[in-house]
Structures are given as C-alpha cells and as structure tokens.
Amino acid sequence: MLTPLEDLTVYEWHSRTARDYFCPRCGIMPFRIPSAPTAQETAQGKLPFAGWAINARCLEGVDLASIPVRLVNGADLS
C-alpha cells in the first residue's frame, strides 16, 4: 500500500463508532476500526475491539488460501 493513512478517505457508519478507511484513488479498504458493541452486546459480556482490522489482501507475501475461513450467516446474528 502506497497511500499514507492521512490521505485515505474515512467513512463512518450510523453509530459513528466504526471507521472504514478507503483509498480515494482505487477504492480499496485496507483498514477498518470496528464498531463499538451495542448496549445489548455489552450486557452479554462482549468487550470492545481495541485495534484495527486489516484487509489481508493489501499485505505482500500473504497466502490467502492458508488463512482459515469461518462462514457466518448474518441473518442468524442477533
């Protein structure tokens, strides 16, 4: 990735707690700060994610086929 963080475009979701960082030139999303847990999730013991999510497709030398995949049916999440 060649674009400096400060030159990326930031999109904030409805809760304004998540931030997606996009390259304004090519549109790829290399980084993300996930959203804070909802009140219900906090009551269930879910802790906030303190860090960044990184799009592994932006990293050189990563064998994507070697990364385990866990399928999630979003319609079943509550």
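1. Start with Gly51. In this predicted model, Gly51 sits in a loop. On one side of that loop is helix H1, residues 39–43. On the other is strand S4, residues 53–54.

2. The relative accessible area of Gly51 is 27%. Buried would need a value under 20%, and exposed a value over 50%. Gly51 is therefore partly exposed.

3. What does Gly51 touch? Leaving aside residues up to four places away in sequence, Gly51 is in contact with Ile33 and Pro34. Take Ile33: 18 residues separate it from Gly51 in sequence. In space, their C-alpha atoms are 6.7 Å apart. Ile33 also falls within strand S3, which covers residues 31–33.

4. Now follow S3 to its partner. Strand S2 and strand S3 run antiparallel. Three bridges join them. Arg32 of S3 stands opposite Asp20.

5. S2 pairs with S1 as well. S1 spans residues 9–12, and S2 spans residues 19–22. Their pairing is antiparallel and has four bridges. Which residue of S2 is the bridge partner of Val10? That residue is Tyr21.

6. Look at the turn next. S1 and S2 make a hairpin, with six residues between the two strands. Arg16 belongs to this turn. Its phi is positive, at about 60°.

7. Step back to the whole protein chain. How many helices and strands does it have? There is one helix, along with four strands. Read from the N terminus, the order is β-β-β-α-β.

8. The overall dimensions deserve a check. The C-alpha trace spans about 40 × 30 × 25 Å along its principal axes. The radius of gyration of the protein chain is 15 Å.

9. Burial and contacts can be read together. Of the 78 residues, 13% count as buried. Among contacts with a separation of 6 or more, 15% involve residues 24 or more positions apart. The Gly51 and Ile33 pair, at 18 residues apart, is a local example to look at in the model.

10. Last, surface and charge. The accessible surface of the protein chain is about 6600 Å². Carbon and sulfur atoms account for 58% of that surface. The protein chain carries 7 positive and 8 negative charges. The mean positions of these two groups lie 4 Å apart.

Methods:
Residues numbered from 1 in each chain as written. Predicted model: local features only at pLDDT ≥ 70, side-chain atom pairs only at ≥ 80, totals over all residues. Heavy atoms only, no water. Rg over C-alpha atoms; globule rule 2.2 N^0.38 Å. Buried < 20%, exposed > 50% of the residue type's maximum accessible area, 1.4 Å probe, protein only. Contact = heavy atoms within 4.5 Å. Areas by Shrake-Rupley, 256 points an atom, 1.4 Å probe, with all protein chains shown as cover. Lys, Arg positive; Asp, Glu negative; His and termini not counted. Charge placed at Lys NZ, Arg CZ, Asp CG, Glu CD. Pairing = 2+ DSSP bridges.
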